[in-house]
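Trainee: Please pick a single part of this model and take me through it slowly. I'd like to hear how the pieces around it sit together.

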Amino acid sequence: MSDALDAALRLVRAQAALVRRFDSRLGGLHGVSLADFTLLLRLSQAPGGRMRRVDLAEALGLTASGVTRGLVPLERIGLVTREADARDARVAYASLTGTGRRRLKEMLATAEETAMEFFAVPALNAEDITQLSSLLTRLGGTGLAGP
């Protein structure tokens with residue numbers, strides 16, 4: 001097995017472990033998945049807390065239908081609302097509600113704690129985490145600020 005394949009498989013396993021941990025904590029405490037949290041976080045970073053659904057899909061690396069499927073349960077529980085464009089009926093915006101903003105603050109605290117615990121397990125220091133972040137960025141990964 002090549003070093004590149006070994007590294008790729010290790011990255012996939014580490015990512016799966018991280019997603020499981022986030023899903024467990026966010027689901028248990030807030031009733032959302034990591035995917036939900038990521039979607040809410042991206043919306044919160046948009047001007048006015050709203051984005052066109054197609055732009056949200058692009059920012060998250062999802063299809064438009066994938067974003068729509070992800071938004072439906074968040075709309076149902078009142079974290080996100082759908083807004084039509086006054087000038088173009090074909091355009092729809094996803095908008096974070098006041099409840100969504102408040103709940104996201106709570107989720108952020110849980111996510112921060114979860115991330116710190118995850119990186120503490122293999123005893124990564126701040127420099128290691130910065131280097132890992134830099135390497136993942138070079139591979140196309142984006143963080144809180146997005147692309």
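**A close look**

Mentor: Let's start at Gly48, which is exposed at a relative accessible area of 60% (buried is under 20%, exposed is over 50%, partly exposed is in between, with a 1.4 Å probe and protein chains only). Keep in mind that this is a predicted model: local features need pLDDT of at least 70 and side-chain atom pairs pLDDT 80 or more, while totals for chains, interfaces and linings use all residues. Residues are numbered from 1 along each chain as its sequence is written, and side-chain values use heavy atoms, with hydrogens and water left out.

Gly48 sits in the loop between helix 2 and strand 1; helices (H or I, at least four residues) and strands (E, at least two) are DSSP runs numbered from the N terminus. Strand 2 and strand 3 (residues 92-96) share five antiparallel bridges, and Arg82 stands opposite Ala94 in strand 3.

Contact here means heavy atoms within 4.5 Å; axes are lines fitted to C-alpha atoms, for helices over the stretch in contact, and angles run from 0 to 180 degrees between N-to-C directions.

In helix 3, Arg53, Leu56 and Ala57 are buried. They cover an arc of only 100° around the axis, so they end up on the same side of helix 3 (the arc uses the directions from the helix axis to the C-beta atoms). Their cover includes helix 2, helix 4 (64-76) and strand 1, strand 2 and strand 3. Just after helix 3, Gly61 takes a positive phi of about 70°.

Now the two helices themselves: the axes of helix 2 and helix 3 come within 11 Å and cross at roughly 115°. Thr38, Leu39, Arg42 and Leu43 of helix 2 meet Leu56, Ala59 and Leu60 of helix 3.

Notes
Two strands pair if DSSP finds at least two bridges between them.
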